[in-house]
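Open the structure in your viewer and get ready to select residues by chain and number. Each stop below tells you what to pick and what to look for.

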There are 2 protein chains.
Amino acid sequence: MKNKLNRLNAIRLIIANERIGSQDELLKRLYAQGFDLTQATLSRDLKQLKVAKTTAVDGSYVYILPSNPLYKRITKGKAVREQQVRNGFVSISFSANIAVIKTRPGYAGGVAYDIDEHELPSVLATVAGDDTILLVIKEGCSHEEVLAHLSPIIPGMEM
Amino acid sequence: MKNKLNRLNAIRLIIANERIGSQDELLKRLYAQGFDLTQATLSRDLKQLKVAKTTAVDGSYVYILPSNPLYKRITKGKAVREQQVRNGFVSISFSANIAVIKTRPGYAGGVAYDIDEHELPSVLATVAGDDTILLVIKEGCSHEEVLAHLSPIIPGMEM
DNA sequence: AAAGTTTATTTATAGATATGCAAAAATGTA
DNA sequence: TACATTTTTGCATATCTATAAATAAACTTT
């Protein structure tokens, strides 16, 4: 419950659902959830997540998730290029043989479809609501395996 | 050539076409174009334009324009101009103090938002339907003024 | 044109964020 | 396990950004 992946997910969730205007503010929210870190680390996390700071309609500053263009690095032979992908992925967390994937509102169906389409060896099935996907993990497969299989499908997830 | 509107347009153009990573950097570019201002003013300009600072694919920080309008630089011979990449704009016509802007189906709201966002001195308000925007022109402003103010926001309009 | 009002700008500084470096933790390898 | 390598983190601080207060400039109104 205290690793980096969980923390990054928590950051995404907080930013997706609240108006956060500074790192110190976000730091307090994270602390309230049991995460213990410094502003320096948070700065690096936000950089990794490509979170942006902009101005809200009311004139205050807010952090926003990189909903729009997300880039994926594609290596084919020695050539490296970047491909823009669109997707509503927000976070993923696990509980036993179930993974809960949160997406931006309305995106769950689309993301679940992408996952199903690939017939991953670690995924038994998915059920999608509006912003949540329940993913049933196949018997004997680890969470790491699931992450490894999902990351190429859901860019921005590999962290 | 030294008023605020021109400066804001210059800022948009620079940010749209170069990788600017800090206000001081942007300040230098503006200075090179003959704009004389301080970092404090620039900070307020960026706030007004709702420019965001985020992390680029290469890990550096960059300023980006509010997601909606996307600009690109078009070079034809020696002439360089900017054009909005994806835009629903179709046509504009005038009747007294009203401008009627037609867009592609579904784009009216987005385009109207872009217009509102800039708080143009010649625009009193906009109302958007699905493919039509009614724009109320401020008392005493000419159609040419409105066009002049809109064109940087809706490139391709002059063509 | 003078007086009042709003908007824009600068200066100075407070506040927020990024980062070099060293240490610690995690991961890989023999 | 011991050792090497990579990743993560905190500390301290440099860098960057926002804003209060004062002033100037641009408009309005009388």
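This tour of a predicted model visits a helix, a DNA strand and a pair of loop residues.

**Stop 1: helix α1 of chain A**

Select residues 4-17 of chain A, which form helix α1. How far apart are its end C-alpha atoms? They are 20 Å apart. At 1.5 Å a residue, the 14 residues should span 20 Å, so the two values agree.

Now go to the start of α1(A). Show Asn3(A) and Asn6(A). A side-chain oxygen of Asn3(A) comes within 2.9 Å of the backbone nitrogen of Asn6(A).

Next, colour the buried residues of α1(A). Among them are Arg7(A), Leu8(A), Asn9(A) and Ala10(A). Ile11(A), Arg12(A), Ile14(A) and Ile15(A) are buried too.

**Stop 2: DNA strand C**

Turn to the DNA side. Take the atoms of DNA strand C within 4 Å of the protein: 61% belong to sugar or phosphate, and the rest to bases.

- Gln23(A): a backbone N or O atom lies 2.7 Å from a phosphate oxygen.
- Lys47(A): a polar side-chain atom lies 3.1 Å from a phosphate oxygen.
- Arg7(B): a side-chain N or O atom is 2.8 Å from a phosphate oxygen.

Step back to whole elements. Those that give two or more residues to the surface near DNA strand C are α3 of chain A, plus α1 (4-17) and α3 of chain B. Which element gives the most? That is α3(A), with 5 residues.

**Stop 3: Lys50 in both chains**

Select Lys50(A). This residue sits in the loop between α3 (39-49) and β1 (52-55) of chain A. Most residues other than glycine have a negative phi. Lys50(A) is not a glycine, yet has a positive phi of about 60°.

Then jump to Lys50(B), in the loop between α3 (39-49) and β1 (52-55) of chain B. Here phi is also positive, at about 55°.

Notes:
Residues are numbered from 1 along each chain as its sequence is written. Chains are lettered from A and ligands numbered from 1 in the order in which they are written. This is a predicted model: local features need pLDDT of at least 70, side-chain atom pairs count only at pLDDT 80 or more; totals for chains, interfaces and linings use all residues. Side-chain values use heavy atoms; hydrogens and water are left out. Helices (H or I, at least four residues) and strands (E, at least two) are DSSP runs, numbered from the N terminus. A residue is near a molecule or strand if one of its heavy atoms lies within 4 Å of it. A polar contact is a pair of N or O atoms within 3.5 Å; within protein, one must be able to donate a hydrogen and the other to accept it, and residues adjacent in sequence count only if both atoms are side-chain atoms. The expected span of a helix is 1.5 Å times one less than its number of residues. Buried means under 20% relative accessible area, exposed over 50%, partly exposed in between (1.4 Å probe, protein chains only).
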